[in-house]
Amino acid sequence: MDSKVPKGPLAAKWTQHKNDINLVNPANKRNIDIIVVGTGLAGGSAAATLAELGYNVKTFCYQDSPRRAHSIAAQGGINAAKNYQGDGDSAYRLFYDTIKGGDYRSREANVYRLAEESANIIDQCVAQGVPFAREYGGLLDNRSFGGVLVSRTFYAKGQTGQQLLLGAYSAMNRQINRGKIQSFNRHEMMDMVLVDGKARGIIARDLVSGKIERHSAHAVVLATGGYGNVFFLSTNAMGSNVMAAWRAHRRGAFFANPCFTQIHPTCIPVSGDHQSKLTLMSESLRNDGRIWVPKRMDDAIAIREGKLKPIQLKEEDRDYYLERRYPAFGNLVPRDVASRAAKERCDAGFGVNKTGEAVYLDFASAIQRYGAEEALTHGIKNPDEKEITRLGKGVIEAKYGNLFQMYEKIVDENPYETPMMIYPAVHYTMGGLWVDYNLQTTIEGCYCAGEANFSDHGANRLGASALMQGLADGYFVLPYTIGDYLSKDIRTGAIPTDLPEFDDAEKTVQDRLDKLMAGSGQNSVDFYHKKLGKIMWDKCGMARNAKDLQDAIDEISALRTDFWANVKIPGKADGMNQELEKAGRVADFLELGELFAKDALTRNESCGGHFREEYQTPEGEALRDDENFKFVSAWEYKGEPKDAVLHKEELKYENIELKTRSYK
Amino acid sequence: MKLNLKIWRQKDAKSQGQIVDYPIKGIEGDMSFLEMMDVLNEELINKGDEPVQFDHDCREGICGSCSLQINGEPHGPDRLVTTCQLHMRKFNDGDTIVIEPFRATAFPVITDLIVDRSSFDRIQQAGGYISVNTSGNTVDANAIPINKHDADEAMDAATCIGCGACVAACKNASAMLFTSAKVSQFALLPQGQVEAVDRVQNMVRQMDLEGFGNCTNTGACEVECPKGISLENIARLNREYLSATTKG
Ligand SMILES: Cc1cc2nc3c(=O)[nH]c(=O)nc-3n(C[C@H](O)[C@H](O)[C@H](O)COP(=O)(O)OP(=O)(O)OC[C@H]3O[C@@H](n4cnc5c(N)ncnc54)[C@H](O)[C@@H]3O)c2cc1C
Ligand code: SF4
Ligand code: FES
């Protein structure tokens with residue numbers, strides 16, 4: 001696998017590369033069309049920037065407006081190595097934290113570029129009018145996220161993703177107004193069209209009319225987000241899916257590290273079978289919340305039976321297990337570590353809700369600490385406990401008010417008065433389409449950005465780094481690298497849509513829709529999706545082993561056969577049909593899920609979010625195998641997932657010494 | 001819980017719609033309103049009927065996809081929540097619940113409970129942005145300090161999710177709360193000043209073109225807004241508009 005990483009010292013690679021690559025002159029850009037599928041942070045920022053440069057851009061999203069992409073839901077923040085706090089941050093430190101956080105399974109050069117561009121993102125967003133949180137002096141405020149020892153996370157209350165996406169969307173709107181972007185909303189990409197081996201267009205379905213459409217371009221960017229919904233229950237939006245990436249995979253784009261999935265430690269626990277999605281409680285809460293379970297089993301049982309309340313438990317009867325196990329990072333260990341630790345306690349019988357699958361996230365000490373601070377700064381002498389609590393709650397509300405409100409609405413308990421209950425849930429997928437340094441997939445002219453690619457987070461992503469990556473890809477990387485590719489296309493002229501390749505692709509899509517509609521009608525789409533999710537969670541979740549993974553492969557394969565024979569989709573394909581939309585997505589998840597399990601089975605080591613029970617230290621920490629697995633798995637499609645062929649991109653660490661990750 | 005649902009069914013934009021009764025049982029208080037709809041749809045599918053179509057995506061109150069007029073109120077009886085965050089514990093066993101799409105000329109029905117809110121996009125395309133290119137060399141983010149109070153107020157305005165409940169709540173189907181939230185975010189920030197005059201004029205013009213009604217200050221929008229967008233924004237928009245017309 002040729003990653004096309006430029007030569008030269010790490011810190012000079014990106015600048016040098018930008019100087020070396022070809023540019024397209026402004027007059028020629030007018031003759032070049034680019035399709036951007038996805039309008040989240042990655043796609044929205046890429047589309048706006050490419051249009052600013054003068055290319056003709058077409059965007060696609062399945063929601064009714066680009067502004068509703070899943071990025072809108074990101075809560076906690078976005079990292080940038082600005083060092084505004086003067087706490088020793090630098091591009092190198094952000095780079096180092098990201099590589100280490102990813103358990104040494106990401107590509108050095110990409111990550112360094114990301115760290116370098118991070119500061120530009122904040123400048124750009126502020127210029128667009130993104131209302132980041134500020135301090136009283138009028139300067140930008142920061143908070144800390146897991147796995148790092150500096151404060152580099154910028155935020156807009158608990159709605160950072162919303163504000164950043166609205167920023168990118170406003171930049172898109174400016175280009176729509178100028179006629180440089182045509183946005184196709186309520187459209188779904190169903191296939192990619194290759195002409196002479198190059199990505200030259202897509203087949204999309206208008207989700208309102210049901211019409212199948214052809215769209216051509218000189219290059220296609222996929223920024224279609226992650227595939228966490230393969231687990232059915234996740235923190236992703238209901239419509240998040242793998243279809244676009246999977247269709248590209250079937251056309252020749254290699255799929256990298258599908259088993260690298262992030263299970264986020266702080267989500268609201270499952271409440272029953274009706275559950276349709278899980279809600280994240282942002283990692284930023286771990287700045288102030290302390291995680292614990294009862295020390296004694298009888299207390300845990302009493303709590304589960306509703307005979308004991310958590311606030312009745314004395315300090316010495318609580319087990320702040322993260323602080324105990326990882327004194328250096330405490331509650332701010334990376335996500336994979338925090339999630340496994342919660343599972344370990346719950347499996348051992350210390351869970352605190354009815355199902356035994358929940359731990360506490362407690363703000364009582366933070367409320368006291370902030371309350372005392374506030375009293376001091378406001379010159380309140382000898383405040384009583386009530387006053388301190390009131391002031392402290394005020395601070396917590398200002399910081400996390402919307403999250404606390406969300407929690408209360410869902411759980412019907414007041415988290416200012418009693419600790420939150422949380423449990424790990426599927427949240428993010430580090431795996432995705434393989435891309436080289438230029439973000440090009442193994443299909444020429446097909447680029448991939450944001451969560452949909454595999455590039456920067458290795459086996460575990462650090463908090464507040466997905467927003468950073470999406471915007472770095474879209475605003476600052478793709479616009480350059482795609483220009484280099486397109487410089488060869490200035491004489492090509494518009495790509496016609498009546499080529500046989502478009503006929504073929506359209507026919508493939510139509511046949512697939514017909515086949516879906518022709519199912520015998522035994523079971524609903526959700527029936528299959530839930531079954532798949534259960535296999536994934538039980539056998540490919542927080543802890544995996546060879547036997548379970550082999551079972552998962554067999555079970556998913558059988559489920560897929562059953563799905564195609566027996567799925568039931570009411571209505572017709574020639575109009576709006578949400579069941580048909582779901583069916584198309586679940587069909588692809590049923591293939592991806594199997595490849596996921598196969599990837600996990602092949603990787604005989606534990607690293608980051610991929611924890612194989614066979615490979616752990618006596619203390620239960622992940623045991624990496626750098627000698628044999630220091631590579632990216634890139635899978636080539638060969639029909640059934642079981643026939644996929646593994647290609648390896650060896651990872652070279654020239655600037656960082658490989659170490660066992662330690663957060664003790 | 002047993003409930004009697006009365007739901008608006010409409011095949012497509014051209015067809016006539018009607019309310020259809022759907023009795024349902026086994027609903028639990030912990031379910032969200034949309035999970036209750038999932039249960040209904042699963043039943044309908046298993047019976048061979050067509051499920052009820054409705055917009056939704058994030059299911060956590062932030063994307064603005066979900067809508068629904070529930071017993072005459074956009075996003076239902078609870079305050080400061082979207083339909084996806086509304087829980088069934090707010091209802092009682094035996095309740096009748098009428099579920100309709102958001103109603104407004106500028107929000108035509110696509111099918112069942114789904115409406116077309118692209119008019120909101122067009123209002124923002126008309127000027128809801130700051131014209132800045134992506135160059136990597138704009139000024140440092142801390143070069144212009146912004147008063148915390150202004151930044152916080154801009155943020156409050158910016159939290160609008162573009163759901164359209166304000167329009168559905170208004171007897172005139174006015175989009176003033178939405179538009180004013182967008183205008184306010186930029187009006188409160190120094191970055192927004194340069195284009196302020198054109199922005200407010202263009203956005204208001206587009207709002208009128210889309211067929212939204214006039215604002216008669218009833219305040220119904222603020223009550224139903226899931227994000228607590230305040231009427232002060234409308235006052236600010238009016239001020240901005242007035243000063244723009246005198247300047248322009
Ligand atoms: C609840 C939550 C909170 C988070 N908080 C944070 C945080 O605080 N900080 C952080 O850094 N990260 C956070 N993340 C992660 C981060 O939000 C995502 O990784 C990131 O936003 C993904 O952006 P994206 O642009 O790659 O894709 P998305 O925003 O998922 O966008 C995907 C786009 O693709 C479109 N699309 C998909 N399939 C198709 C198709 N077939 N045809 C047409 N269009 C299609 C969609 O319509 C959408 O426009 C959070 C994630 C979740 C779930
Ligand atoms: S102002 Fe409130 S009700 Fe209106 S669109 Fe925005 S969030 Fe929805
Ligand atoms: S589904 Fe996103 S706000 Fe309700």
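Begin by selecting α3 (41–53), β6 (187–195), β15 (420–429) and α13 (466–486) of chain A, each of which supplies at least two residues of the shell around ligand 1; helices (H or I, at least four residues) and strands (E, at least two) are DSSP runs numbered from the N terminus. Among these elements, colour β6(A), which gives the most to that shell, with three residues. This is a predicted model, in which local features need pLDDT of at least 70 and side-chain atom pairs count only at pLDDT 80 or more, while totals for chains, interfaces and linings use all residues. Residues are numbered from 1 along each chain as its sequence is written, chains are lettered from A and ligands numbered from 1 in the order in which they are written, and side-chain values use heavy atoms, with hydrogens and water left out.

Of the 39 residues around the ligand, Gln63(A), Ser71(A), Met189(A), Glu451(A) and Leu467(A) come nearest. Because residues from chains A and B surround ligand 1, the site is shared between chains.

Now turn to the polar contacts of the ligand (pairs of N or O atoms within 3.5 Å; within protein, one must be able to donate a hydrogen and the other to accept it, and residues adjacent in sequence count only if both atoms are side-chain atoms). An N or O atom in the side chain of Gln63(A) is 2.5 Å from a ligand oxygen, and a side-chain N or O atom of Ser71(A) is likewise 2.5 Å from an oxygen atom of ligand 1. At Ser465(A), a backbone N or O atom lies 3.3 Å from a ligand oxygen. Taken alone, ligand 1 exposes 1,000 Å², and the protein buries 98% of that, with accessible areas from the Shrake-Rupley method and a 1.4 Å probe, where for residues only the protein chains shown count as cover.

Finally, select chains A and B together, where 74 residues of chain B are in contact (heavy atoms within 4.5 Å) with 76 residues of chain A. The two chains bury about 6,100 Å² between them, 48% of it on carbon and sulfur atoms, buried area being the accessible area (1.4 Å probe) that two parts lose on being put together, summed over both. In chain B, pick out Asp57(B), Glu60(B) and Thr134(B), which lose the most area to chain A, together 11% of what that side buries.

Methods
A residue is near a molecule or strand if one of its heavy atoms lies within 4 Å of it.
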